[in-house]
Amino acid sequence: MGKAISDTVVIIPAYNEAGMVGEMVRDCLAAGFSRVVVVDDGSDDETARVAAGSGATVLTHALGLGAGGATQTGIEYALGLGDVKYFATIDADRQHRAGDLVGMRVQLVKNGDDIVIGSRFMEGGEVENIPALKKALLRAAIWFSNATSGTKFTDTHNGIRIFNRRVAETIDIEESGYQFCSEILDKIARNNYVYSEHPVRVTYTEYSKAKGQSILNAVNIGFDVLGRKIIGK
């Protein structure tokens, strides 16, 4: 491992992730990130204890606020540290590689982007063991999100991303659940953030497939986003 990356905080939203969150924290530390924050979103297992024992700072919600709420809590905490320049998010279930965040950070700094989002579908990206129906729905979600937000992404519902302080101070995530991924795209367009994508590898294990949102929930999210667009919210 090279020099520790101390200007970046990695935020990991987690709900009942005791089985994997410790390894995810250790992955981030091994990749060079010295500041890892786990937001325990009302878990009723040992998520908080395991995360703290693995080297993370742990923030705890007494009641679950959803992935969006947990992410916003992590952002607000990191902003309060004062000396943080970059803010990264990654899922707790280890379907992402923490090492990809290193390349994403380099790209963000080198290009002067406001936000870089990981893509499993762009050239150089990889996705392993993805169920066929989920892949089809993700493809549809990409088209839908780009059409409604005015952005041009090859992957729109990916939990691995990194952004600068300008984004952290202004994005203000309001959606509590997984709808926040679509909300981020809307705010990228609305706030004129400079954005780009970076190829990443996503691996679906039996664990991550069991923990992930259901197909029905994904469809419901799509209808919810469409409804908000229609009423102009």
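View 1. Val10 is buried, with a relative accessible area of 0%, where buried means under 20% relative accessible area, exposed over 50% and partly exposed in between, with a 1.4 Å probe and protein chains only. Val10 belongs to strand E1 (residues 8–14); helices (H or I, at least four residues) and strands (E, at least two) are DSSP runs numbered from the N terminus. Leaving aside neighbours within four places in sequence, Val10 is in contact with Cys28, Phe33, Arg35, Val36, Val37, Ala88, Ile90 and Leu101, a contact being heavy atoms within 4.5 Å. Val10 and Phe33 are 23 residues apart along the chain, and their C-alpha atoms are separated by 7.3 Å. This is a predicted model, in which local features need pLDDT of at least 70 and side-chain atom pairs count only at pLDDT 80 or more, while totals for chains, interfaces and linings use all residues. Residues are numbered from 1 along each chain as its sequence is written, and side-chain values use heavy atoms, with hydrogens and water left out.

**View 2. The largest nonpolar core.** This core has 32 residues, and those with the most contacts inside it are Val10, Ile12, Val21, Cys28, Val38, Ile90 and Leu101; a nonpolar core is a set of buried Ala, Val, Leu, Ile, Met, Phe, Trp, Tyr and Cys residues joined through side-chain atoms within 4.5 Å. The elements that give two or more residues to this core are E1, helix H1 (21–30), strand E2 (36–41), helix H2 (47–53), E4, helix H4 (98–111) and helix H5 (132–149). Apart from it lies another core, of 26 residues, among them Ile11, Ala70, Val84 and Ile188.

**View 3. The stacked rings of Phe87 and Phe163.** Rings of Phe, Tyr and Trp (its six-membered ring) pair if their centres lie within 6.5 Å, with planes under 30 degrees apart counted as stacked, over 60 as edge-to-face and the rest as tilted. By this rule the count comes to 2 aromatic pairs. One of them, Phe87 with Phe163, is stacked, at 5.9 Å centre to centre and 5 degrees between the planes. Phe87 lies in strand E4 (residues 86–89) and Phe163 in strand E7 (residues 161–164), so the pair ties together parts that are 76 residues apart in sequence. Both Phe87 and Phe163 are buried.

**View 4. Arg139 and the ring of Phe121.** The charged end of Arg139 sits over the ring of Phe121, 4.2 Å from its centre; a charge sits over a ring if NZ of Lys or CZ of Arg is within 6 Å of the ring centre and within 35 degrees of the ring normal.
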